[in-house]
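Dear colleague,

Please find below the structure that I am handing over to you, together with its sequence. My notes on it follow.

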Amino acid sequence: MTVKLCLPAALGMILLFVAVAAANESSRPADAEAEPLVEQEPRPLATPSPLQMVRTLHLMQDQIATGSTEAHVGQRGLLSVLDIRLMELAAEVWQNGKNVHAAVSFVLSGGNPGLLRKLLELGSSVVTENDRPLVEGALAYVEGREEAAYNALVSLDPRTFPPTMSAQLALVQSALAVRKDPAKSDELLDFVRLQAPGTLLEEGALRRQVFVASQTGHIEKFQSLATDYLRRFRHSVYAGNFRQRLASASTRIDFGQDRSRFDGFVAMMQELEPEARRDLYLLVARASVEQGFAKSARLLASKAKELAEGDTVSIARARLYRAASMITSPEEIKAAVEELHQLDRALLPASDVALLDSAIAMAGHIQTMPGAPAALAEKAKPLLTKAAAEKTADLNTQAQGLEQLQALSKARDALSRVDKLIKNQASVSQ
């Protein structure tokens, strides 16, 4: 069962003192009210340690991964309260190495980096030589000094730290290493997921790792991780951002290359709501047409049409993408042209009307120009009208969440599409 944190931000700090208050209350005799009042000096309330304070913050943040918007809003207030509390602590408190690590964890969790600057100013009695790289590296990371952070943190072994600190360190190291060594970044993210299951740290690691796999061409891992994320963290506060990036990453994959690749994508899509699934199929089908992934476009457009269920706009778009992907096939070009001419332009968005015009124009050129496919592309170049090129040159729409997905990431000009479609025709017919 998922328990959401439904507390106002200020109430978060009460969690820090509940145990202490309860302990003080339980120490009173059961009949204390019946006894004569004796004036006593009030006992001071024990102050939670930095470690306890940061654990409370992590408890709240882990609720964000389960979809608690209250926790997402509440963490801002809790961070502010903790910032004041931690900055007020005496220097002696920080002579405990566990508390120094808690300070690093606090800052990496969104806390004020001024706390780490304060600890560094207190000198070696607080920040030992062993901890200095961790403290300085974390400070550099949150301040955006990437090279300094990398130099300080790259040599640290996350396995030598307690679980939460080790997971946070590995998450930072993966972000710093992803451009220089994607394989290392992927390995570190695996470590984070194993070290902090069910937490916001795991959610963040899984979200990042999906796109590392995409960028490095590990399509099967990309699909497996994306399916895992959608299955386990679909209600996360950050799931909307994940879906946008998932859509963008999917537009770069040729699903027609391998049937298992397409089947994996279909399995992944089962974790989405039908409407969101339909919109993503349409987005990726459109991108496949533009990139010359003809077989991929056909498969995706067909799936989108299955999910349209009376949505005339979606049906028209799916028909367009499928027909546009068929114009370079000698066996199918006639049927494709008929399909294109039958489409109701009034149902299509402006970008798709431009694609429709370009597909019809190119189909006409291909039908009237004899020769091998490779030669056709060269012969078609001077026949493109300026209007057709201008219609598609600057179109650029972004996925704004699967509820509002619109085709397309960025349209190519008509000539580029036809060139790529023709060059890929050999694989389509296989």
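I begin with Phe106, which touches Val54, Leu57, Leu79, Leu82, Asp83, Leu86, Gly111, Asn112 and Leu115, leaving aside residues up to four places away in sequence; contact here means heavy atoms within 4.5 Å. Please note that this is a predicted model, in which local features need pLDDT of at least 70 and side-chain atom pairs count only at pLDDT 80 or more, while totals for chains, interfaces and linings use all residues. Residues are numbered from 1 along each chain as its sequence is written, and side-chain values use heavy atoms, with hydrogens and water left out.

Core

Phe106, Leu116 and Phe265 touch the most other members of the largest nonpolar core, which has 96 residues. Helix H14 (residues 274–291) gives this core its largest share, eight residues. Such a core is a set of buried Ala, Val, Leu, Ile, Met, Phe, Trp, Tyr and Cys residues joined through side-chain atoms within 4.5 Å. Buried means under 20% relative accessible area, exposed over 50%, and partly exposed in between (1.4 Å probe, protein chains only). Helices are DSSP runs of H or I with at least four residues, and they are numbered from the N terminus.

Leu82 counts as buried because its relative accessibility is 0%. Leu57 is 25 residues from Leu82 in sequence, yet their C-alpha atoms are 8.6 Å apart in space. Among the buried residues of H2 are Met53, Val54, Leu57, Met60 and Ile64. Just after H2, Gly67 takes a positive phi of about 105 degrees.

Aromatic rings

The structure holds five aromatic pairs. Rings of Phe, Tyr and Trp (its six-membered ring) pair if their centres lie within 6.5 Å; planes under 30 degrees apart count as stacked, over 60 as edge-to-face and the rest as tilted. Tyr229 and Phe233 form a tilted pair, at 5.8 Å centre to centre and 45 degrees between the planes, and both residues are buried. The pair of Phe255 and Phe265 is also tilted, because the ring centres are 4.3 Å apart and the planes lie at 35 degrees. Phe255 lies in the loop between helix H12 (239–250) and helix H13 (259–269) and Phe265 in helix H13, so this pair ties together parts that are 10 residues apart in sequence. Both Phe255 and Phe265 are buried. Ring pairs also link Phe211, Tyr229, Phe233 and Phe242 into a cluster.

Arg193

Arg193 is part of helix H9 (residues 182–195) and counts as buried because its relative accessibility is 18%. Its contacts, not counting residues up to four places away in sequence, are Glu202, Ala205, Leu206, Gln209, Leu225 and Asp228.

Confidence

The mean pLDDT of the protein is 80, and 75% of its residues reach 70 or more; pLDDT is the predictor's confidence in each residue, from 0 to 100. Residues 372–419 have a pLDDT below 50, and this stretch has 88 contacts in the model beyond near neighbours in sequence. Residues 425–430 also have a pLDDT below 50, with six such contacts.

Yours sincerely

Key: Helices (H or I, at least four residues) and strands (E, at least two) are DSSP runs, numbered from the N terminus.
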